[in-house]
Structures are given as structure tokens and as C-alpha cells.
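Subject: Structure handover

Hello,

Here is the structure for you to look over. My notes on it follow below.

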Amino acid sequence: MSNSSPVLSLSHNVTICTGIKFDYWKKGNSRMSKKIICLFDIDGTLTEPRQPIKSNVEKFLLTVVKKDFDIAVVGGSDLNKIKEQLGVEGLFEKYKYVFAENGLVAFNEGKLLPSETIQSMIGEDALQDLINFSLRYISELQLPFKRGTFIEFRTGMLNISPVGRNCTKEEREQFYEYDIENQVRQKFIQALKKEFPNLALTYSIGGQISFDVFPVGWDKTYCLRHIQGYEEIHFFGDKTAVGGNDHEIYESDLTVGHRVTSPEDTINQLKILMTLIKESKEKEQMKIPMQCI
Ligand SMILES: [Mg+2]
């Protein structure tokens, strides 16, 4: 979706434009005082990959978007990395919900919610088999370069990086280009699926240098169980295609999905959404029936 396009790409085969054209509005979703929460992926949606949020993006969220909607974030990373990107100071005041590790580590207004672990779900033996196989596989990979931290153990997932997570920003980009050409991560995932056909695991490529492995259903939709009291959850993410780490939540019936290409595109799409909702409220106030195409 181009940044200049006045069209939002939503899930549920829905496209909206400034002409207000889609079933979403017909179903009475335009009524006033509807409680909406905007839930954002982090890398590629609110920030450049692994980079801190830019001040103009944060300012827009906190001073403009929050006037109309509650806001929340969901990342695959652990809480420390989210803090590095979104700031430690006031994190839980800025965002109604903060979901690390797809929501396996979840905070509502700063309060930690109950969670599960990958080892309790798949068992210690299977987990070790998976780790051992992955380390062997990595040891046999020949890449342009390798760095450290090949497997990061998180609450609800393993994050596996063939090149190692201790890359510099430049090295991350180099590996990303190399991976596009050589499909290192895709081939690794195929090998894992072949080796462990009976484990109910999902393999999800996100970011530039790694992929996540977690029990089926523990993708970003996991966080939705924690969100209560809203009539609509608008999700914004950049990796919405099949195999991307935003795919399931983007497609979920519980969300209105927005596919974005960058933090700037996220702002753009938010502006359009706010305009559309404002327009529909005004029309309702004037008691003019919606003109739906
Ligand atoms: Mg992303």
C-alpha cells in the first residue's frame, strides 16, 4: 500500500476509502461512543526494525491517537527489547496493554497477567531435541559471517537466528539480503518441520535475522485473550502475509486488520481511520443516513 493512497487495506476482504465503502460501516459499526483500541506491532510498524521509536511517531500516538482510542503494543521480542525501543519511562502509562512475546508476557496498565511457558506446553524432552537439532543444523551452515546468540529462549517461544542475534545493524541488513537470495531461514524451517512432524509448533519469520518457534496458537492472536471491554480491536502490522508474524492476528475475526509498510504508513492509515470515524460520527449526529455503496 503506497503511503499516498487514501485507501486502507483491512482484513475480512474489506477495503475502505474516503468514500466510506464497506460492510463494516453497514453493520452499525459507525455508532457513536464505540470503544476502540488500536493494537500495534512494533518492528516495521511503529519503529524501524530493532530501532527506537521516532519522536514524531510517539508524539502522534500519544497526543493525537490517544484522544480517540486506547493504544496497545504487541511484539514477539521480550520485554527488555520492547523497553529499548519504546522507552522505559512511562511505558505502562503510554500503552494500555504491553504484550511481549506475543502476549505470553502481558501487562495491563502495568499489572503482569498470568502466563504459560513453552516447556510446560511441549515438555522438556521435546524441547531439548528441538534445541539440539537446531544447534547441530546451525553448526553445519556456511554463511558469509556468523555472530553469537543463535537461540534465545523466551517464555513462550524459541527465537532461532542462523547468523546469531549479536549482529550489528549493518550485519543484520547484510544477512537479510543474503537470506532473501538464499532462503536460509525458510530451508531451516523446512528441516525442522521434517524432523519434528508430530510437534504442534508454528514457525514464524519476523524481522531480519531470525524466526520464532512456538506452540500452535501462540502467535500474536494469543494476546487477544487479555483484551477486554472493547467493541473493536484495530491491529496494525507489517508482516501480514502467510508465514509472517502478523498474519494470524491480521486475519483474526477478532480484529480489524491494517497492513502497513512503515511507521510513516502507520501514521497515514491512522489519520484516515480517525477521519472516517469522525465523519461517521458527524453524520450520525446530523441524523443523516449513511450512504453506503
Ligand atoms: Mg513487524
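**Overall make-up**

The protein has ten helices and 13 strands. Helices (H or I, at least four residues) and strands (E, at least two) are DSSP runs, numbered from the N terminus. The model is predicted: local features need pLDDT of at least 70, side-chain atom pairs count only at pLDDT 80 or more, and totals for chains, interfaces and linings use all residues. Residue numbers start from 1 along each chain as its sequence is written.

Of the 293 residues, 36% are buried. Buried means that 20 or more other C-beta atoms lie within 10 Å of the residue's own; exposed means 12 or fewer, partly exposed is in between, and C-beta atoms are placed from the backbone. Now the contacts, which need C-beta atoms, placed from the backbone, within 7 Å. Taking contacts between residues at least 6 apart in sequence, 61% join residues at least 24 apart.

**Around β5**

Strand β5 (residues 97-100) is covered on both faces. Tyr-97 and Phe-99 are buried on one side, Val-98 and Ala-100 on the other. In a regular strand, side chains alternate between the two faces of the sheet.

β5 has parallel pairing with β4 (residues 70-74), over three bridges. Strands count as paired if DSSP finds at least two bridges between them. Val-74 stands opposite Phe-99. β5 also runs antiparallel to β6 (residues 105-108), joined by four bridges. There, Phe-99 stands opposite Ala-106. β5 and β6 make a hairpin with four residues between them. Glu-101, in the turn, has a positive phi of about 50 degrees.

**Core**

The largest nonpolar core has 41 residues. Such a core is a set of buried Ala, Val, Leu, Ile, Met, Phe, Trp, Tyr and Cys residues joined through C-beta atoms within 7 Å. Leu-39, Phe-40, Ala-72, Val-73, Tyr-97, Val-98 and Phe-99 touch the most other members. Leaving aside neighbours within four places in sequence, Leu-39 contacts Ala-72, Val-74, Ile-233, His-234 and Phe-235.

**The four-stranded sheet**

An open sheet of four strands is ordered β8-β9-β11-β10, with antiparallel pairing. Its edge strands are β8 (151-153) and β10 (201-206), each pairing on one side only. Neighbouring strands are turned by 20 degrees against each other on average, direction ignored. Axes are lines fitted to C-alpha atoms, for helices over the stretch in contact, and angles run from 0 to 180 degrees between N-to-C directions.

Six bridges join β10 and β11. Gly-206 has Ser-210 in β11 as its bridge partner. Helix α8 (residues 184-195) lies across β10 and β11, at about 175 degrees to β10.

**Annotated positions**

The unreviewed UniProt entry puts "binding site" at Arg-50, Arg-154, Arg-165, Arg-172, Ser-210 and Asp-212. UniProt positions are in the numbering used here, feature names are shortened, and annotations may be inferred rather than shown by experiment.

Arg-50 is in the loop between β3 (36-40) and α2 (55-68). Arg-50 counts as partly exposed because 19 other C-beta atoms lie within 10 Å. Asp-212 sits in β11 (residues 210-215). Asp-212 counts as buried because 25 other C-beta atoms lie within 10 Å. Not counting residues up to four places away in sequence, Asp-212 touches Gly-76, Met-157, Asn-159, Ser-204, Gly-206 and Asn-245.

**Helix α10**

α10 (residues 263-285) has 23 residues. Its buried residues include Leu-270, Leu-273 and Leu-276.

Best wishes

Note on methods:
Two residues are in contact if their C-beta atoms, placed from the backbone, lie within 7 Å. The expected span of a helix is 1.5 Å times one less than its number of residues.
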